[in-house]
Amino acid sequence: HDKALGVGAAIAGIAIIAALAAHKNKQQQETDVAAWSVGSFTAYDELEASAVELTILPGGSVSGRAGRHEFSGSLSGPRLEAGRYVFRIERSGNGFVAIDEANSRHRLIFQRSGGGY
């Protein structure tokens, strides 16, 4: 009887540890950004006719300037929210291409201008 109780407690303990590990892994996936996407980048936005400077931090926080306007946003996986735009990003050379989700002709080619963090 005591042995069965001990086995049951051990199984419950393992289940709790597994659930905590799965939760931590899910949280990490939501906040981690690819190492290549961390740093400072520049691009020219033809649609807005302005130079764009963008900094991406390891947690996915984004800040930048487009012309004279500052903006903030976030990066989660391939989805970049920057000011009023939402882009899908794809790694390209020493930077990335950002494609506007609302207008696929609106593309920015970002080149690395500063190192990662």
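I started with Arg 84, which is exposed, with a relative accessible area of 66%. I noted at once that this model is predicted.

**Entry 1: the partner of Arg 84**

Which side chain does Arg 84 meet in a salt bridge? I found Glu 48, at 2.7 Å from N to O. This pair links distant parts of the chain. Glu 48 sits in the loop between S1 and S2, and Arg 84 sits in the loop between S5 and S6. They are 36 residues apart. I then looked up how open Glu 48 is. Glu 48 is partly exposed, at 33% relative accessible area.

**Entry 2: strand S7**

Next I turned to S7, residues 95-100. Is S7 mostly covered or mostly open? I found S7 mostly covered, with six of its six residues buried.

I checked the S6 side. Strand S6 covers residues 85-92 and pairs with S7 in the antiparallel sense. I noted six bridges for this pair. In the pairing, Ile 89 stands opposite Ala 98 of S7. S6 and S7 form a hairpin with two residues between them. Gly 93 is in the turn and has a positive phi of about 55°.

Then I checked the S8 side. Strand S8, residues 107-114, runs antiparallel to S7, and five bridges join them. Which residue of S8 is the bridge partner of Phe 96? It is Phe 110. The link from S7 to S8 is a hairpin too, through six residues.

**Entry 3: Phe 96 and the core**

The largest nonpolar core has 19 residues. Phe 96 is one of the four that touch the most other members, along with Leu 54, Leu 80 and Phe 110. I listed the elements that give two or more residues to this core: S1 (39-45), S2 (50-56), S4 (69-76), S5 (79-82), S6, S7 and S8.

What does Phe 96 contact, leaving aside neighbours within four places in sequence? I wrote down several, including Trp 36, Phe 41, Leu 54, Ile 56 and Leu 80. Ile 89 and Phe 110 are also among the contacts. So are the charged residues Glu 90 and Arg 91.

How many salt bridges does the model hold? The count comes to five.

I looked at Glu 101 next. Glu 101 forms a salt bridge with Arg 79, and their closest N and O atoms are 3.9 Å apart. The two lie in distant parts of the chain: Glu 101 in the loop between S7 and S8, Arg 79 in strand S5, 22 residues apart. Both are partly exposed: Glu 101 has a relative accessible area of 40%, and Arg 79 has 31%.

Glu 101 also forms a salt bridge with Arg 88, with 3.1 Å between the closest N and O atoms. Why does this pair tie separate parts together? Arg 88 lies in S6 and Glu 101 lies in the loop between S7 and S8, so the pair joins parts that are 13 residues apart in sequence. Arg 88 is partly exposed as well, at 39% relative accessibility.

Methods:
Residues numbered from 1 in each chain as written. Predicted model: local features only at pLDDT ≥ 70, side-chain atom pairs only at ≥ 80, totals over all residues. Heavy atoms only, no water. Buried < 20%, exposed > 50% of the residue type's maximum accessible area, 1.4 Å probe, protein only. Helix = DSSP H or I, 4+ residues; strand = E, 2+ residues; numbered from the N terminus. Pairing = 2+ DSSP bridges. Core = buried A, V, L, I, M, F, W, Y, C linked by side-chain atoms within 4.5 Å. Contact = heavy atoms within 4.5 Å. Salt bridge = Lys/Arg side-chain N within 4 Å of Asp/Glu carboxyl O.
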